[in-house]
Amino acid sequence: MTHEPTIEATAIDWLIRQRDPAFADWERFSDWLGADPAHASAYHELALLDGDLEALPVHPAPANDAPAEPARLSRRWWLGGALAASLAVVAGIGVLRQAPDTQRIETALGETRTVALADGSRIALNGGSAILLDKADPRRATLERGQALFHVVHRDEAPFRVSVGAAQIVDVGTVFDVTRTDGRTIVAVSEGAVVYNPASSNVRVDAGRRLAVDDSGGQAVVGPVSPASVGGWQAGQLVYDGAPLSEVAAEIERTTGVRISTSPGAAAIPFRGAFQTSADEARMVEDLAALSGTRATRDTGGWTLSR
Amino acid sequence: MDQGMDAVLLAHRVQLMRFLESHGAGDAAEDLFQELWIRVTQRPTGPVGNPLAYLYRAANNLMVDRYRAERQARQRDHAWSEVRGGLDERAPIPTAEEVLIARQELGRLNAALGALGERAARCFRRFRLDGVPQKQIAAELGVSLSTVESDLRRAYAALIAARRQSDDA
């Protein structure tokens with residue numbers, strides 16, 4: 001057909017394109033939207049509908065179906081909160097879901113554990129970490145603190161979801177590492193991709209990328225990471241490309257159990273390079289100090305790195 | 001910490017104001033710009049690879065949220081004026097009746113999606129509910145990218161039609 005697309009069809013095209021996290025054609029969209037009040041009202045109608053769709057059941061209803069019965073509606077429908085889906089609602093429900101069928105797995109500093117899930121997925125838990133698993137929903141995990149490497153068997157109809165703080169990470173691919181410490185979340189992806197907070201910021205993190213975000217509202221950053229280095233802590237092989245020394249020290253502490261803190265002046269020093277943990281504690285910490293240009297001192301509470 | 005975002009907001013103030021106006025902000029554009037400022041500087045945010053695109057998206061969400069709130073207020077006013085004679089207060093929690101209506105509405109939307117046929121419905125669910133990129137959906141379903149695009153367009157058009165029907169009912 002050669003005639004112009006209808007306003008509605010154009011609005012649909014914009015909306016579909018905007019669901020791509022990388023969409024950047026906002027100025028042209030702005031021009032279109034402002035060109036005619038009918039454009040804005042078509043777009044708003046569609047955008048409200050699109051928001052409501054969050055509450056649709058993930059699994060299709062049987063073909064001959066009358067309007068779905070309540071029993072058939074998935075949890076997702078309920079999460080959507082009566083067509084008023086918002087991040088606040090989702091986060092609130094996340095807190096409520098502390099059911100008795102939750103399993104908590106915790107590791108001491110220096111202790112690592114691997115948890116095999118029924119669907120073949122594996123979660124490797126670094127030391128000093130805690131994770132919650134939900135027996136009723138094996139495709140969901142909550143990282144309370146510490147660090148975990150997820151080898152997820154991807155299933156189309158049930159993407160794996162990791163809750164961390166108030167945020168959600170949804171797998172699009174397979175292998176990713178999540179670190180949660182003191183209000184800071186880091187997601188590093190080695191294979192496939194994940195989507196960070198699909199309901200709000202909707203940021204895709206592909207293999208070879210690393211996302212860092214603070215709960216305090218600080219600006220989050222996506223940067224490169226070597227895919228091969230993600231989850232390297234499992235073999236004691238830690239590779240950094242400009243991570244702050246405080247994060248490096250915390251990861252070594254989790255992995256080896258050796259307590260290492262950083263003085264305020266040294267915490268932000270960017271650290272680049274590969275680091276192999278070792279059983280020789282003093283040598284390992286000396287190496288770290290040498291590589292980062294700091295001084296290591298030992299006291300009763302462990303080691304401190306300072307300038 | 002958000003110094004960077006403040007600077008980008010300021011540098012693109014004119015464009016962003018124009019965008020809010022395109023959305024129908026009218027006289028409220030100035031206030032809405034302030035609200036945008038608060039949103040992006042005080043809330044925990046996603047990562048920002050392209051700050052200007054991020055701000056546009058935040059502004060877009062702000063305007064859509066505003067229309068959603070207006071719609072809810074309108075629906076409530078309408079329902080309440082019959083029952084309670086028009087109280088101004090907005091209940092943050094949906095009433096049982098609202099939940100029921102929402103559930104019926106979802107059932108209708110779900111049925112409209114099912115009526116498109118299995119491939120289009122599946123394509124749409126993967127796109128909208130699972131957040132899978134179109135290219136990947138095409139690969140999964142073994143169809144071309146343009147088939148995925150056209151399925152998505154059809155699905156949205158069918159859902160809009162279904163909603164209009166229930167609004168008229």
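Predicted model: local features only at pLDDT ≥ 70, side-chain atom pairs only at ≥ 80, totals over all residues.
**Start with the rings.** Over all chains, a search of the whole structure finds 15 aromatic pairs. Select F23(A) and W26(A). Their ring centres are 4.9 Å apart and their planes meet at 85°, so this pair is edge-to-face; planes over 60 degrees apart count that way.

**Move to a second pair.** Select F150(A) and F176(A). Here the ring centres lie 5.1 Å apart with the planes at 15°, so the pair is stacked. The cut-off for stacked is under 30 degrees. Colour the strands next. F150(A) sits in strand 5 (residues 140-151) of chain A, and F176(A) in strand 8 (residues 175-181) of chain A. The two residues are 26 residues apart, and the pair links distant parts of the chain. F150(A) and F176(A) are both buried.

**Step over to chain B.** Select R13(B) and F33(B). R13(B) lies over the face of F33(B), 4.9 Å from the ring centre.

**Finish on a helix.** Select helix 1 (residues 7-18) of chain A. At 1.5 Å a residue, its 12 residues should span 16 Å; the end C-alpha atoms are 16 Å apart, which agrees. Which residues of helix 1 of chain A are buried? They are T10(A), A11(A), I12(A), W14(A), L15(A), I16(A) and Q18(A).

Note on methods:
Residues numbered from 1 in each chain as written. Chains lettered and ligands numbered in written order. Heavy atoms only, no water. Phe/Tyr/Trp six-rings, centres within 6.5 Å; stacked < 30°, edge-to-face > 60°. Helix = DSSP H or I, 4+ residues; strand = E, 2+ residues; numbered from the N terminus. Buried < 20%, exposed > 50% of the residue type's maximum accessible area, 1.4 Å probe, protein only. Lys NZ or Arg CZ within 6 Å of the ring centre and 35° of its normal. Expected span 1.5 Å × (residues − 1).
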